[in-house]
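Open the model in your viewer and keep the selection tool at hand. The stops below are taken one after another.

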Amino acid sequence: MNKSKKNIWGSLQDNAYLLYTVLFILTALIIFSVFYLGGLTFISKGDGTNQHVKALVYYSEYLRDFVKNLIYGHRFVLPEWEAGIGEGGDILSTLHYYAIGDPLTLLSVFFDRSNIHICYAIIQILRLYLAGLSFLLFSRYTIPDCGALRGVSGALMYCFGSWGLRWTVDHPYFLTPLIYLPLLILGIEKILREKKILVFTLAVMFCSLSNFYFFYMCGIMAAGYTVLRLALVYRRNKEELFRTLLRIVLSAVWGFALSAVILLPQLYSFLGNPRVGYNAAMKPVISLEDMCKIPEMLLDMDSYWSISALAVPALILLFTSRKKHLMLKIFAAAVPVMLIFKIFGSIFNGFSHSVDRWSFAVTFLSSYIFVLMWPEYIEGHKEKRRPMFIASMVYFLICILLPESGSKNFLVSFSILGLLLVLLLSDLIAGEKREYLLLASSLACVLIDGLYMYSPEENDYAGYVREEEGLYETLYKNESETVRAAAALDSDEGFYRYSGELGLNSGFLHGLSSTSFYWSTVSPWGQNFRSDLALLDNDVYIYSNYDRRTAANAVSAVKYYVSNSEKTPFGYSFAISTNVNEELENRKLEELKRELGTQELSERQINSIRSETERYEYVFKNDYALPVGFTYDSYISREDWLALSPAEREWIMLDAAVLEGCDRVSADIGELKAPDADTSVSINSISADENIRVRDNLYTVTDSGSLELKFRTRPESETYLYIKGVDFEPIDEYSLYFGDDEKYDPQSLYNRTNFNFLPFMERIDTIKDHFLEKEVNSAGIHVSSPDGEEADINYVTPYKKNYGGRHDFIVNLGYNEEPLDSLTISFSNSGIFKIDGIEIYSTGMEAYPEKIERLKENVLENEVWEDDTLSGTVRTDRDKILYFALPYSTGWSAQIDGEPAALYCANDMYMAALLPAGDHSIRLTYKTPLLREGARISAVSLVLLAGYIIINRRKKIAIMHA
């Protein structure tokens, strides 16, 4: 090596952070080469497309609009409510999880819609880099002799672990805890060792600002670390223990206060989120099958909690070292316990369903143990390294012998480990070269894991992302543009909402209100509305439409309906259609021209391309559309409303508003129901095929069984199938042969004799399937009618993560001019379906136009939207109820003629105010709950922080002068 190269390498060795930066860049270039070479973005086809990148686009435009208003308009404008968040929602509480608060997303201000994918990739790479950097800071502070090679090896192992590589292209914000967990623990150590609180305070602030969800997890981990660390350090000095604990708590509170501007509104929203604390079922431990997988999955890049193969000997060395590192031993021993017992996954997930998203801590722990045990690799005696080698190979063999093991990255990484240990045992490499060998080995394992993760021939995580070509069309060219075109034809420039067969968050980037919603933070009222009307949307945070149910769309002020066919709710007329794949079609035609070397294509070639790409979208206009503000003459209590069937609940909302907490005298629900409002239809017969056995309300399904219902509806009506009290219990293979419960019909199941005729291995597999029983998360019910109507009910069992407690479902069979006389219900899962009742409702539409006209008698006029405010006028000749088809939130306040007016939750989801007779000016204003209170706390805390820094700086200067 010549002198200049020696100087460069020497500089790198002397500066751990420079060495880390250089090796990080080189490693990232190799691992992510598949993206550069393949023209791929970092945006996944699932949540990356539907949520994360859309949030980043919105935030970039939000920031630019703020800057423009500030510079050119001299106005400080930060909108707090957005019509395009579903049917309308809070910007901060919805987008904090995805963009708002994280300092890195401020970079988006320099990017527009055409190049936002570049910003997305830059931010992801920066997050990985900062994760490794924070780990390096922590390691070098807590391990006094942590050299550059030692610390950098652990940092690369940490940031390029399975957690980092997996979520780089899936959920970007899942990388934030990798950055902040080491900083939080570093801050605690600073307080313990130097009594300095600033690092911990700032770490708490930035962690809570960036992502409340993972801040909650990191907070639990930091608290656990603090308690155990203090117990071990100050077990004989309780006074110092409590003094240090108080210092840590006060530092954390200061960090909370600094972030209160975002933390308080988000905490308020989080506590009201229906995803938090819902009653999902949870078995106490994972299945036996998953237990068997734990040893191998700790090294398999397919799992959340994979660690590097080089960390295995480090763990062995940790537990063989006597009277040392007790705290790390406790944490390491706790990991398999926490993986097996599901209560820990539930605690870390806000006492909701159990998930292993806390397992980023496993990557942190294993990487740190590797760095800590580094000298044992390098300097340990042969007698100590030999047991490490033997134990590692035994562990490897155990993993190989367990079921479903042997992924390629696991095998290759362990081969590198084996070679490394052989070289260390043989003493062929000595001295400083051992450190280079260990660094090279850790780099090799990192590269193998990364290439395995993204390689098309292996795990192919790169196959889950969007290509750069066509991304713009995917994000922005959706049904919203077609709806805009329909509105333009109608000269509709005011507020309108659309529904139908929609993409997720389809109206968001167009600022259009739609019934499509897919964000992690959701208000409870939208879920209540869907549940109480027994709508098919069964997820607690994913909403699509109202299943073409006419009355539900009416009270939601839906004006346009998008469909891929001509099926719409009653009362809609054709407005416009468009080929949504026109740009893709043109691109394919141009590609074919280039491929054939011609300027003209034959009609057959053109039609061939069109048949592959052409997809028309139709927009229909509601002939009976209600505006965003209309009036009711009367109301009923929610208690009376819930006493009705879900079908009756929907239609009675056209006669009276449903109000909760109103002190005005409610209407008589019996008088509101017209004589023809008894929509129930008698079912003449229910017949089951040979794959279903019926006993009382239990339907035992062995192989895709189906039921046929016979009835007769009225003509010119909308028909509903109501299935209530659905529950499901799967039947595993073992129970099919030996079930002795009376609910199983033995005539339809195999008996013991038939089981004994099976080949031996099939019998073994059957018994194994029983003992390795998996949790069944959902069961499918398919409904079809003779006129071509089809619908699917996805019954979500209590074991599914997005279980919302739904057991009642209504399927809309559409509007039929001729009577409907039969339908088929098919079950896709083998098991026992418990169904409390099956009913048919048929509602005539004769009175529908009159009901709508009555609601439109007095409406909000002269409607103006500006800066989170809706204003208008309304005239009434009697006392009425003014209804707003905007999702209810405590952030809304109302003024009638300049005086504050109470707002009620109306129709389970929307808002209403009591309106006296006369001419009135109306003003609705939205303010994010607790935002202003949080801003005041943050401002005061920031002033205190500035003062603290200045005072400390002056003290240091004074000490230096002294």
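Start with two helices, α7 and α18: α7 passes α18 in a right-handed crossing. The model is a predicted one. To bring up the pair, select residues 148-159 for α7 and residues 360-372 for α18. Their axes lie 9 Å apart, and the packing angle is about 160°. Angles over 145 degrees count as roughly antiparallel, and α7 and α18 are therefore roughly antiparallel to each other.

Now show the side chains where these two helices touch. On α7, pick Arg150, Ser153, Gly154, Met157 and Tyr158. On α18, the residues in contact are Thr363, Phe364, Ser367, Phe370, Val371 and Leu372. Sorted by class, the contact of α7 with α18 has six nonpolar residues, four polar and one charged.

Next, select residues 47-71, helix α4, together with residues 116-142, helix α6. At what angle do α4 and α6 pack? The angle is about 100°, with the two axes 10 Å apart. Angles of 65 to 115 degrees count as roughly perpendicular, so that is the description for α4 and α6.

For the contact itself, highlight Gly48, His52, Val53, Leu56, Val57 and Ser60 in α4. They meet Ile116, Cys119, Tyr120 and Ile123 in α6. By class, the contact of α4 with α6 consists of seven nonpolar and three polar residues, with no charged ones.

Then turn to the strands. An open sheet of five strands runs in the order β6-β5-β9-β11-β10, with mixed pairing. Select 513-514 for β6 and 572-579 for β10: these two stand at the edges. Each has a single partner strand, so one side of each is left without a neighbour in the sheet.

Within the sheet, select β9 (residues 558-563) and β11 (residues 616-622). These strands pair in the antiparallel sense, over four bridges. One place to look is Val562, whose bridge partner in β11 is Val619.

Last, look at aromatic rings, of which the structure holds 63 pairs. One of them is formed by Phe215 and Phe256 and is edge-to-face, with 5.7 Å centre to centre and 80° between the planes. Phe215 lies in helix α11 (residues 212-233) and Phe256 in helix α12 (residues 238-258), so the pair ties together parts that are 41 residues apart in sequence.

Conventions:
Residues numbered from 1 in each chain as written. Predicted model: local features only at pLDDT ≥ 70, side-chain atom pairs only at ≥ 80, totals over all residues. Heavy atoms only, no water. Axes fitted to C-alpha atoms, helices over the stretch in contact; angles between N-to-C directions. Parallel < 35°, antiparallel > 145°, perpendicular 65-115°, else oblique. Contact = heavy atoms within 4.5 Å. Nonpolar A, V, L, I, M, F, W, Y, C, P; charged D, E, K, R; others polar. Pairing = 2+ DSSP bridges. Left-handed = near helix turned anticlockwise from the far one by under 90°. Phe/Tyr/Trp six-rings, centres within 6.5 Å; stacked < 30°, edge-to-face > 60°.
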